Amino acid sequence: MSDTIKAPTVAELQAKGETPEILFWVGCAGSFDDRYKRVTVAFTKILNKLNVNFAVLGPEESCTGDPARRAGNEFLFQMQAMANIQLLDMYQVKKIVTACPHCFNTLKNEYPDLGGNYEVIHHTTFLQGLLDEGKLKVSGGAFKGQKITYHDSCYLGRANDIYEAPRNVLKSLDADLVEMKRCKTKGLCCGAGGGQMFKDAEAGDKEINIERTEEALDTGAKVIASGCPFCMTMLSDGVKSKEKEAEVQVKDIAELLDDAMD
Amino acid sequence: MTWILQVVFVVVVAVPIYFLIGRIKQIRSNILLGKDLDRSDRSGDRWKAMLLIAFGQKKMFKKPIPAFLHLLIYVGFLVINLEVLEFLIDGLLGTHRIFAPYLGSFYNIAMNFFEFLALGVLISCIAFLIRRNVIKVPRFTKPEMKGWPAMDGNLILIIECILMFAILKMNAADQVLQSRGVAGYVDTGDLMISSLFIPLFQNYSDTFLIVIERGAWWFHIIGIFAFAVYVTYSKHLHIFLAFPNTYYSNLEPKGKIQNMDAVTTEVKSMLGIPVKGAGEPPAEVGTFGAKDATDLSWKSLMEAYSCTECGRCTSECPANQTGKTLSPRKVMMDTRDRIEDIGAGKGEGKTLLGDFITKEEINACTSCNACTEACPINIDPLSIILEMKRYVAMEESGSPASWNSMFSNIETNFAPWKFSPTDRFNWAQDLNDKN
Ligand code: SF4
Ligand code: SF4
């Protein structure tokens, strides 16, 4: 891999008279969160390695409005949504890939009511597609036989019925995929959805992310795989609070795949 | 003499039907106090949802043991009501077992089938009573289940047991009378379950047996009609409302939040985007979100009446599991209590949000949809919670302080965190780092 890895912006391409096939919607977490930036980088590397014709919005991207809507601020959500739709339509975007299930859900299910119609794909589904087409080949190795458990993101799973794509990608790593007690439709939330990421939890006996982390650790997996920036933060915090960060890693599916491809 | 009984019968049936109709009208008008929501599309998918989920009990089978017991009661309820048809005709005409001569040996088969179902219902009800009161399945012992809701659950099971016993007792006495050739008691053939009780009755006189048989018959018919009225005050209304409730299910992806068109119109005019139908006087904008039960959609209100208080939602709710006050089942129960109060003209000066449901409860919701997934009849407690969050955010500006700063970050920095928008693309600088 001597080629430099690029993340062109749609504006740059437009200046050259080109339009990308796919827009990679990075999301706020993917842009600003130090940990999740590494996922953005990993996914960009995969896109580069496979010569996918993509671009990002770069500085022009803005919050989809999801956390505002779920905290009840419909005005703010719609302001964000309309501005984003204007931008996406200006660039004639047709197909969007994102690594954030919250962005995915909002762009896919909620923007159409406001006039924004795009084909929206979560990165795990996108990666599975590439595996199925044979474009993406994993020689295995790094994770062969390792115990990995996958944490279902509510916004991918129950919200959009995507349970198999992330699992199929993980299986391609020849890993030993183990399930937690609560998984798929019965998966337990990481505790961050519905705007919870941005405030302290209400009083209770326990934090939700600790409950979930305990369940993940119970599987004995060395890697907790996730496909969502919120889940990743919550589970990483959980693993840290259990002082297990030396033994157990929380990794995004794109990172695992990127590692396996090297 | 029998004409007096026939008149009594008509009265016994007519009075509860009168109350029943009044009650149905009231529930209907309470539901219609809710706001409009269009669920008239995709009728094919709606029929499918109803057939699979209400009729086919599909979601019940996530928990096989209660599903099986519930299925017995459900089938028993549907089928044994066919026998009630005969009861009604007999009661009106002053006959006894009017179908028996016409159906011949099939009558015996049908009666035996009913008896087996009655036994199944009996066993299931006893098993459910044990689950509630002896094993104490955790979801039946949450705080919102104290008092009337627990009583309601037990009452119905006990009533069903008594009704089933009445049928068996009636058939046993009937068979003894048949064997003695008492006038009017037509031969039903051997009835397998109730014949087990025959030894208990064999030594009594004809008159006493007739009293027992008639007594059980009257008890059953009165019981059924009393039950029908009672059901409308109980969580057992689900036996009827589960059907329309699943027909009008939310068919959109669970993650999709219903758009607020009133907001769209305002936002568009703020952004200078032309609005369809602009120039017309704006439609009356009510409150944003929900403060009271009447601010919810009719579907949410129908759901409140359909809720069986099974607590499957609450037992899957991450907030509830970790000891927060939020319980989606309680949200449904509160909504029902509140709309009943409003419909009855009671409870002025109270509101659903505040007096029944607190901000602490709704704020704990992670919008994870575990509750909507778990509900065996597709109830959506999340939509009620969301409507209240909307009220708090838009009408009261009363969201938690950290949410308010998240809002202002989105407004000014276009991200929920306080980062400069110009740094948004900084991640690309790490692209060629070797690490
Ligand atoms: S959506 Fe809210 S109420 Fe429903 S299970 Fe999740 S946290 Fe609980
Ligand atoms: S909302 Fe559904 S799952 Fe929850 S208690 Fe009512 S019927 Fe049961």
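Over all chains, the structure holds 41 salt bridges, a salt bridge being a side-chain nitrogen of Lys or Arg within 4 Å of a carboxyl oxygen of Asp or Glu. This is a predicted model, in which local features need pLDDT of at least 70 and side-chain atom pairs count only at pLDDT 80 or more, while totals for chains, interfaces and linings use all residues. Residues are numbered from 1 along each chain as its sequence is written, chains are lettered from A and ligands numbered from 1 in the order in which they are written, and side-chain values use heavy atoms, without hydrogens and water.

**Salt bridges**
- A:Arg167 forms a salt bridge with A:Glu179, with the closest N and O atoms 2.6 Å apart.
- A:Arg167 is buried at 1% relative accessibility, whereas A:Glu179 is partly exposed at 31% (buried means under 20% relative accessible area, exposed over 50%, partly exposed in between, with a 1.4 Å probe and protein chains only).
- B:Asp292 forms a salt bridge with B:Arg338, the closest N and O atoms lying 2.8 Å apart.
- B:Asp292 is buried at 12% relative accessibility, and B:Arg338 is buried at 3%.

**Surroundings of ligand 2**
- The residues surrounding ligand 2 include B:Cys307, B:Glu309, B:Cys310, B:Cys313 and B:Cys375 (a residue is near a molecule if one of its heavy atoms lies within 4 Å of it).
- By class, this shell has seven nonpolar, two polar and three charged residues (Ala, Val, Leu, Ile, Met, Phe, Trp, Tyr, Cys and Pro count as nonpolar, Asp, Glu, Lys and Arg as charged, and the others, Gly among them, as polar).

**Backbone at B:Glu309**
- B:Glu309 has a positive phi of about 60 degrees although it is not a glycine.
- B:Glu309 is buried, at 10% relative accessibility.
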